[in-house]
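Take a look at the model below.

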Amino acid sequence: MQPAAPVDSETPRAAATVVLLRDAAAGPEVLLLRRHAKASNMAGVYVFPGGKLDADDATLNPAAHLDQPHAALHERLNEPDTDHPTAAGLYVAALREALEECGLLLAEPMVSDAPVDALRARAMLREGQPFAQVLAALQLRLQTRQLAPWSRWITPLAPTMGTRRFDTRFFVAQAPADQTARHDDEETTDSVWLAPRTALEQYRDGRIDLAPPQIMSLAHLARHASVASVLAAARSQRPPLILPEPFDHEGVRVICYPGDAMHPVRERALPGPTRLHYRERRFTPEQGFDALFD
């Protein structure tokens, strides 16, 4: 087994994504958005809301627009080499992208009992108004406390899907109960709430497309019986760093994760299998689909 040849050595772009959850009768459900079929990266794939860190995300005035100071956000992210404004900016990016891509706004009014008008906030963003200006106009403060850092994924040098490299921080959060999620019909063309296992079954059956970070994250989520359980688990540990290692073995692409015999990091970062095989346009564990839940 030989490592796959690198195809792109660009520095990964800082990014943030938020795994939005809600409780249902059969357990937690997760929001997935389908990227536009003509998107330059991950076209047609179902993903969690998210995107790259914008320069303005790190410049929001914490006293005016955040419910926590930069130092607290930096500590929770657990990245000593990341400066405080950038750490805070990653939280902001996750919340901004959730508003842009699915219309959910995790924010609180600065005036008691005032409503959180997510529809208006999203419309203002789509008109090109800066996020800070939107928050000021609507007198809102972002609820960074609702976000729990969960994991950090860095695209490998030889990605199997997509053409860009990202350094993405994954957060988990409970979706606001009084807001309705909907795709934007621009970057995303479908939005669905699914139980994690159901999403993986639809992927197995070819009904939806998923990328490896979503596959492994959904398998992780499937082990929880409630949103509270997910959030408690995220807040009880440091977010693991996951840098997948791709290999080609007998004509099959294999992606290894920390804890695998072929990965340089020996300590496991995730439950479930430590490698996925790419066959017939589907990523599956060597032992079969059910190994995702063992």
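Why does Gln139 count as partly exposed? Gln139 has 43% relative accessibility, so it counts as partly exposed. Here buried means under 20% relative accessible area, exposed means over 50%, and partly exposed lies in between, with a 1.4 Å probe and protein chains only.

The model is predicted: local features need pLDDT of at least 70, side-chain atom pairs count only at pLDDT 80 or more, and totals for chains, interfaces and linings use all residues. Residues are numbered from 1 along each chain as its sequence is written, and side-chain values use heavy atoms, with hydrogens and water left out.

Stay with Gln139 for a moment. It sits in the loop between H5 and S7. Helices (H or I, at least four residues) and strands (E, at least two) are DSSP runs, numbered from the N terminus. The phi angle of Gln139 is near 55°, a positive value in a residue other than glycine. Asp185 also has a positive phi, near 60°, and is not glycine either. Asp185 belongs to the loop between S9 and S10. With 45% relative accessibility, Asp185 counts as partly exposed.

Start at S3, residues 27-35. Of its 9 residues, 8 are buried, so S3 is largely enclosed by the rest of the structure. Two strands pair if DSSP finds at least two bridges between them. S3 pairs with S2 in the antiparallel sense, over 4 bridges. A hairpin of 2 residues joins S2 to S3. Ala24 has Gly27 of S3 as its bridge partner. S3 also runs antiparallel to S10 (residues 188-194), with 6 bridges between them. In that pairing Leu32 stands opposite Val192 of S10. S4 (residues 46-47) is another antiparallel partner of S3, joined by 2 bridges. There Leu33 faces Val47 of S4.

S2 and S9 pair in the parallel sense over 9 bridges. Val18 stands opposite Phe171 in S9. S2 and S5 (residues 50-52) run antiparallel, joined by 3 bridges. Thr17 stands opposite Gly50 in S5. In a regular strand the side chains alternate between the two faces of the sheet.

Next, the interior. In soluble globular proteins, nonpolar side chains tend to be buried together. A nonpolar core is a set of buried Ala, Val, Leu, Ile, Met, Phe, Trp, Tyr and Cys residues joined through side-chain atoms within 4.5 Å. The largest such core here has 40 residues. Those with the most contacts inside it are Leu20, Leu31, Leu105, Leu142, Leu147 and Phe171. H3 gives the largest share, 11 residues. Consider Leu105. Not counting residues up to four places away in sequence, Leu105 touches Leu99, Val116, Ala118, Ala121, Leu140, Leu142, Pro176 and Gln179. Contact means heavy atoms within 4.5 Å. A second, separate core has 36 residues, among them Leu200, Leu218, Ala234 and Tyr257.

Which way do H3 and H4 cross? H3 (residues 84-102) and H4 (residues 118-126) pack at an angle of about 95°, with their axes 9 Å apart. The two helices are therefore roughly perpendicular to each other. Angles of 65 to 115 degrees count as roughly perpendicular, under 35 as roughly parallel, over 145 as roughly antiparallel and the rest as oblique. Axes are lines fitted to C-alpha atoms, for helices over the stretch in contact, and angles run from 0 to 180 degrees between N-to-C directions. On the H3 side the contact is made by Arg96, Leu99, Glu100, Glu101 and Cys102. H4 brings Ala118, Ala121, Arg122 and Leu125. These residues divide into 5 nonpolar, no polar and 4 charged. Ala, Val, Leu, Ile, Met, Phe, Trp, Tyr, Cys and Pro count as nonpolar, Asp, Glu, Lys and Arg as charged, and the others, Gly among them, as polar.

Finish at Leu157, in the loop between S8 and S9. Leu157 and Leu243 are 86 residues apart in sequence and 9.6 Å apart in space, C-alpha to C-alpha.
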